[in-house]
Amino acid sequence: MSVKDTMPLRKRQRLGFAGQIPLGDGTLTDIGFDDPATADVVLRLELDDSLVDDLDPVSLDLHLRSAALRRSRYFDALLSERWNHPSVIGSGIRHRLYLKVLASAGGDRSRGPFGVHVAVIRLLHSLDFSAAIGSVSDALEMLPVAMELLFDDCVRACVRFLEAVPWTEEEEEGVLNLVPLLQLEECEDLLARISPIVSEEGDGNCTSEEMLHKLIDSAIRSHPNVATVNVKAFVAKLLSDYSSRDCVRRALDQAFLKSMEMVKDHLGKYASLDFRLSWGNDEREAMQRLNLHSSMMNAKHLHWLVERMIELRVADTAVTGWSEQASLAADLQKTFRDDAWKNIAPGLPSLIIRSTFRLANSVASGNTLAPRQVRMNLVSCWLPVLNVCRDIVFPMPTGQKSIIQDLEEAFLRIISTLPLSDSQDLLKQCLRFSTRNIDDCPHLILAFKTWFRRANRAGRLPRNKDDDIAG
């Protein structure tokens, strides 16, 4: 046991031993801090900024213990024999040091211009970081000073505190400003909290995009109940407010393509030739019922995704992908021509038609700008499904408008954007829109009138002069 350890507390105070001294109740004290009776160093803090309030002191003397200051690698270097030759300057003072302090624009002004430096230098004596660092603002103010003084224990304490507590948005900006000044090993945990980790595979997927995709997947695949409705509304709000529209687009595209492939897969199995031969076999019949039910569930997911994509004006991939589904459209026609779907998945036709209408209407209204070939493929692919649905699935009473007529109008508007030769072929397939009362199909009449008006202009439009020369 050392001599110091056996000394009474009062004698240690008189002799000025630095550092933490435990009292009887377990608390800590910072004996030796700014105590002229025990100090062997005078540190003068000088303000290095002329824009300070005249009422603020421009300098401050602190009486300190060199043993405590040596916990700072900066002060330890200043006190070394190489830089500082000790000499007694009265009252036991052997060293006089100077430290320039910049007036900070931030921080707590109630501390005064030297308050943060004083707090950090006090910690050199007490090491009582838990008492000194009580808030994020404390840590953000002390950390730059601790780094300036190369006070490693204080740097670690500030970083540890910041890593463990929540931040406001403003405080997070302060953390972001300080992280580049830290060594990587000092701020590894902070970095993991505030910036995405790049995968070693280098696949290019950002963490936020992955998170968005998982949220979307959770929203659409949760068990249908009231809570799921709230989850979907919450995720929709997140997508709407998210800052990177490209990131949202990619996450929605991925979810859309996945759901569309699942609809195709399950419906393809249901509509296959093997299915026609499977009725009467209980096990295979159960599998086919499951395929049809799964098709409807994924079509429901698909419809929600289409709604979000159109709402956010990121439906380009969905429109293009939907226009290329000739095999899916053929399987739907086979499915809707028999009656099994009515008992197993009665909502499937409505979901398909509503999704198709939303995409077609987005194109027709200019919300989604699709190339000419995509527009033509969208109509030619899904027009046969529409005709099957209007004849078999949704027989519509005279005088009552339905989603079927809404889709008819959207298709006719898209057809009006195509060259005359292409629109002529598609309009012929739309004649079945007229099987109702003539008063119920003004959209079809208008479409044909528009086509004939344009066709009758042949030879009447002025030709390019270059064409005349070439002729």
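How many cavities of 30 Å³ or more does the count come to?

Reply: The count comes to one cavity of 30 Å³ or more. This is a predicted model: local features need pLDDT of at least 70, side-chain atom pairs count only at pLDDT 80 or more, and totals for chains, interfaces and linings use all residues. Residues are numbered from 1 along each chain as its sequence is written, and side-chain values use heavy atoms, without hydrogens or water.

A cavity is a set of points, on a 1 Å grid over the protein atoms alone, where a 1.4 Å probe fits but cannot get out; lining residues have an atom within 4 Å of a point. Its volume is the space filled by probe spheres set on the points, which are joined across faces, edges and corners.

The volume of the largest cavity is about 60 Å³. Its lining consists of L412, I415, S416, S423, L427, A447, T450, W451 and R454. Helices (H or I, at least four residues) and strands (E, at least two) are DSSP runs, numbered from the N terminus. Helix α23 supplies the largest share, four residues. By type, the lining splits into five nonpolar, three polar and one charged residue. Here Ala, Val, Leu, Ile, Met, Phe, Trp, Tyr, Cys and Pro count as nonpolar, Asp, Glu, Lys and Arg as charged, and the others, Gly among them, as polar.

Now the sheet. Three strands form an open sheet in the order β2-β1-β3, with mixed pairing. Strands β2 (59–64) and β3 (95–101) are at the edges with a single partner strand each, so one side of each has no neighbour in the sheet. Two strands pair if DSSP finds at least two bridges between them. Strand β1 (residues 41–47) runs antiparallel to β2, and six bridges join them. L43 has L62 in β2 as its bridge partner.

Last, the charges. The whole structure holds 17 salt bridges (a side-chain nitrogen of Lys or Arg within 4 Å of a carboxyl oxygen of Asp or Glu). One of them links K237 and D241, at 3.3 Å from N to O. Both residues lie in helix α12 (residues 226–241), four residues apart, about one turn of the helix.

Key: On a 1 Å grid over the protein atoms alone, a cavity is a set of points where a 1.4 Å probe fits but cannot get out, and a pocket is an open set with protein on both sides within 12 Å along at least five of seven lines; lining residues have an atom within 4 Å of a point.
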